[in-house]
Amino acid sequence: MSQAVYQQHIIPLHGDPIIKLLSSSNSTVFVGTPLSSSSSRFPGKQLHSGKKVVVMARRLFGLEEAMRVQRERELQPKIKNRKSPPLRRGRVSPRLPVPDDIPKPPYASSNLLPELSSEHQIHDAEGIAKMKAAGELAARVLDYAGTLVRPSVTTNEIDKAVHQMIIEAGAYPSPLGYGGFPKSVCTSVNECMCHGIPDSRQLQDGDIINIDVTVFLNGYHGDTSKTFFCGNVNQGRRRLVKVTEECLVRGINVCRDGASFKKIGKRISEFAEQFGFGVAERFVGHGIGTIFHSEPIILHHRNEKAGFMVEGQTFTIEPILTMGRTKSITWPDNWTTLTADGSPAAQVEHTILITKTGAEILTKCETNPS
């Protein structure tokens, strides 16, 4: 699960590789096609030869580059990408019980939102083994939850199935009771960016749904999510999801002992911007282990965050990409967060372990090796 950033104050709210770049010559940047110099208004000189216009764009970096991309997006005509009606709250059923003999995290007995821990969670061999077990269980649960996605199924039914599988494994569903969250999994449909509360709404043909699973097993949390297709999903939404998945891969690939955290956001932003997608800044990855949410905060957008990765450290990377703008609104339940313009959003997440030479994905299993 992701966390939310409000200006400089951090508030925890609970965060398949592309074979080839997807593009379409007759689509606009707004719906996620790679930027093209023939249709973009880059700063710089223009050379005119007959009817041909060659745009010589100067190379920009960091904040200047991000501002240039934002201007490009704002110049694009507003396009309605969503055919489905706006998301509406369904009926939320009571929280499900957890057997007394299953160990529970400290926050389970309180509705107060825990503060973000300043501790960087670095593990010894025993801790790494337990992190791997928690991550593997979370991956298996997520894989199973994905098989339930089809038209007419309610997100509440998915929650019940996830809850049952987790407690049968002797684990606790980490979201349940976290800051008063009433369910065992997050289900975020279409324009819901994250932290969607399962309810009585039935999934519709053409929906996309992010399922965010976290388990607490033997004192350690494993956190992962994926965006699934429900029935016949249009090409624009499919492209959004596939680009989001590739952004996660690219973010993980820069991780290793001694690498700077800011490289993650740089790589993710570079790839997302090729397709005109926005990268949400409000929600971030986080350290994870015996504590659900801790430092380091992982920013998915371009940033100058200080700090370097350390061997044995575990944290999540969980970018959220939007087909429209990244501004968000949160429902009165204080959890469900949607894109303000109603455009689709997609998220994908892994828990990773930093090694000397790279990063090991902990939230994977044999049936879900990605």
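Strand β8, residues 208–217, is mostly covered, with 10 of its 10 residues buried. Here buried means under 20% relative accessible area, exposed means over 50%, and partly exposed lies in between, for a 1.4 Å probe and protein chains only. The structure is a predicted model, in which local features need pLDDT of at least 70 and side-chain atom pairs count only at pLDDT 80 or more, while totals for chains, interfaces and linings use all residues. Residues are numbered from 1 along each chain as its sequence is written, and side-chain values use heavy atoms, with hydrogens and water left out. Helices (H or I, at least four residues) and strands (E, at least two) are DSSP runs, numbered from the N terminus.

The residues of β8 point in two directions. Ile208, Asn210, Asp212, Thr214 and Phe216 point one way, Ile209, Ile211, Val213, Val215 and Leu217 point the other way, and all are buried. Several strands pair with β8, where pairing requires that DSSP finds at least two bridges between two strands. Strand β5 (residues 172–173) runs antiparallel to β8 and is joined to it by two bridges; Tyr172 has Phe216 as its bridge partner in β8. Strand β6 (residues 186–189) pairs with β8 over four bridges, also in the antiparallel sense, and Val189 stands opposite Ile209. With strand β9 (residues 220–229), β8 forms an antiparallel pairing over 10 bridges, in which Val215 has Gly222 of β9 as its bridge partner. Two residues lie between the strands in the hairpin of β8 and β9, where Asn218 takes a positive phi near 55°.

The next stop is a pair of helices. Two packed helices are described by the angle between their axes and the distance between the axes. The axes of α2 (residues 125–147) and α3 (residues 155–168) come within 10 Å and cross at roughly 150°. This makes α2 roughly antiparallel to α3. Axes are lines fitted to C-alpha atoms, for helices over the stretch in contact, and angles run from 0 to 180 degrees between N-to-C directions. Angles over 145 degrees count as roughly antiparallel, those under 35 as roughly parallel, those from 65 to 115 as roughly perpendicular, and the rest as oblique. Arg140, Val141, Tyr144 and Ala145 of α2 make the contact with Ile158, Ala161, Val162, Met165 and Ile166 of α3, where contact means heavy atoms within 4.5 Å. The residues of this contact divide into eight nonpolar, no polar and one charged. In this division Ala, Val, Leu, Ile, Met, Phe, Trp, Tyr, Cys and Pro count as nonpolar, Asp, Glu, Lys and Arg as charged, and the others, Gly among them, as polar.

The loop between α2 and α3 contains Thr154, which counts as buried at 12% relative accessibility. Leaving aside neighbours within four places in sequence, Thr154 is in contact with Asp199, Ser200, Arg201 and Gln202. Thr154 and Leu203 are 49 residues apart in sequence, yet 5.9 Å apart in space from C-alpha to C-alpha. Ser152 is found in the loop between α2 and α3, and counts as partly exposed at 44% relative accessibility.

Most residues other than glycine have a negative phi, and most peptide bonds are trans. Ser152 has a positive phi near 90°, and Asn190 a positive phi near 55°. Asn190 lies in the loop between β6 and β7 and counts as buried at 1% relative accessibility. A cis peptide bond, with omega about 5°, joins Glu295 and Pro296; Pro296 lies in strand β12 (residues 294–298).

Two bridges connect β7 and β16 in the antiparallel sense, with Cys194 opposite Thr337. Trp331 lies in the loop between β15 (328–330) and β16 (337–339) and is buried, with a relative accessible area of 18%. The other open sheet has three strands in the order β10-β14-β17, with antiparallel pairing. Its edge strands are β10 (278–279) and β17 (345–347), each pairing on one side only.
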